[in-house]
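Thanks for coming. Please have the sequence and the structure open while I talk.

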There are 2 protein chains.
Amino acid sequence: MRYPASHKTTTRERILDEAGQLAKERGFATTGVDALMAAAGLTAGAFYAHFASKSELLSALVERELKRSQRMFAVDSDAALEAAIGAYLSPQHVERPRKGCPLPTLSSEVARADDTVRSTYARGLAEVVQQLAQRAGSEEKAWPMVAQAVGAVTLARALPAGRARKTLLDSVRDQVIAALRQPEGETAPPTSPSRPGRASPRKPSRLRSHPNS
Amino acid sequence: MRYPASHKTTTRERILDEAGQLAKERGFATTGVDALMAAAGLTAGAFYAHFASKSELLSALVERELKRSQRMFAVDSDAALEAAIGAYLSPQHVERPRKGCPLPTLSSEVARADDTVRSTYARGLAEVVQQLAQRAGSEEKAWPMVAQAVGAVTLARALPAGRARKTLLDSVRDQVIAALRQPEGETAPPTSPSRPGRASPRKPSRLRSHPNS
DNA sequence: GTCTATAGCAAGATAGAC
DNA sequence: GTCTATCTTGCTATAGAC
């Protein structure tokens, strides 16, 4: 759990948590209020005591989920960042959207949502990118890393489990980590053709599971 | 138009074309058979004379759309490929999903679809990547390019038009083109910090609009 | 705050006339 | 092949009891 065990979550927080997981798994627009509330152990009628509309839930969801993602990349060493990237581009993350990053799942829903949702999304994403830019050196280096990671997970989830999915994840991981290691001003060497193995770690960099909680 | 003007499209082709545009714009799952058929000038009842189910339509759609995308990247020079990449990562492509690549829009729908759809998607995507690998040098270089481009368009569509969106598109374009120019075995230099301008072209490389037709 | 019940609408799919 | 009409189900949102 992310919070002290003593913390008794409020109902609203529980809805956000459970509905968020379900929305990332099944899609937000395609999942009814009924199902979203049932995930939190409630019925649809109670929903509107917490949110004015389904769209407002999406906004709250996006804000909360992006804060989570931001925390996952708030690391204090290059090795830790590489471990987080490895976890992001792992089969586990691909296979468990419930516990994963909101960007691959919810971005296309946000693209079709109202301006309030989009603003919330823009703010949250900007914070993620700016934080990443502190380690990567610049926003211009951070954006491609984010785009690559989000694109890779999006594509990997649509592919059946198999060789193509693995090649995709491995080569994108190697590319992103190589770009990260590149000295400021130049660009990253792709590292040698990535076989099953991972980008040769400078330090053994232990793998941490991406999924929260 | 993609086909000789004399070509009179069959009804099925017209459905695939118009429904495809609508699905990319509004989402496949969230758009009813009624609306998809209306786009082709027909009513919902006629749908099942052409497809056994809505899911079968998605499969046919994915196959057709990915073939289109493949054609867009079937180029015979590096300059032409760079132009195609520039068009893919352009504001026009971001703003007109109807006419654009199916990967940013439909991948998350495919991820939740049945095995038939996913197989079709896997085949189509593999062909795109393999073709790209012929110019990029290897699959391991092609996958990150595709992931990056798809991720960038996905994120850009969720962001409001503005500075962040532009920085995203510009820096990803520079990064992808730099990676492409990198000699085999090494990795791409990110090019100097990309201001409003584009990656300095070796040749003036005229910009072609990505959207088909 | 949460429930049940329901209004009002749209979904996927089928039937039968033409 | 295409239409209209319809079946059944699910959707967002509201009303009113507790």
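In this predicted model, a polar side-chain atom of Tyr48(B) sits 2.9 Å from a phosphate oxygen of DNA strand C. That is a polar contact, meaning a pair of N or O atoms within 3.5 Å; within protein, one must be able to donate a hydrogen and the other to accept it, and residues adjacent in sequence count only if both atoms are side-chain atoms. Two further contacts involve phosphate oxygens of DNA strand C. A polar side-chain atom of His50(A) is 2.6 Å from one, and a polar backbone atom of Val33(B) is 2.6 Å from one.

Before going on, the ground rules. Residues are numbered from 1 along each chain as its sequence is written, and chains are lettered from A and ligands numbered from 1 in the order in which they are written. The model is predicted, so local features need pLDDT of at least 70 and side-chain atom pairs count only at pLDDT 80 or more, while totals for chains, interfaces and linings use all residues; side-chain values use heavy atoms, with hydrogens and water left out.

How many residues surround DNA strand C? There are 13, and the closest are Thr43(A), His50(A), Val33(B), Tyr48(B) and Lys54(B). To be near a strand, a residue needs one of its heavy atoms within 4 Å of it. By class, this surface has five nonpolar, seven polar and one charged residues. Here Ala, Val, Leu, Ile, Met, Phe, Trp, Tyr, Cys and Pro count as nonpolar, Asp, Glu, Lys and Arg as charged, and the others, Gly among them, as polar. Of the atoms of DNA strand C within 4 Å of the protein, 73% belong to sugar or phosphate and the rest to bases.

DNA strand D is surrounded by 14 residues, and the closest are Val33(A), Tyr48(A), Lys54(A), Thr43(B) and His50(B). Sugar and phosphate make up 69% of the atoms of DNA strand D that come within 4 Å of the protein. Phosphate oxygens of DNA strand D lie 2.6 Å from a polar backbone atom of Val33(A), 2.6 Å from a side-chain N or O atom of Lys54(A), and 2.6 Å from a side-chain N or O atom of His50(B).

How are the two protein chains related?

Let me finish with Val33(A). This residue is found in helix α2 (residues 33-39) of chain A; helices are DSSP runs of H or I, at least four residues, strands are runs of E, at least two, and both are numbered from the N terminus. Chain A has ten helices and zero strands. Is Val33(A) buried or exposed? Val33(A) counts as buried because its relative accessibility is 14%; buried means under 20% relative accessible area, exposed over 50%, and partly exposed in between, with a 1.4 Å probe and protein chains only. Of the 213 residues of chain A, 53% count as buried.
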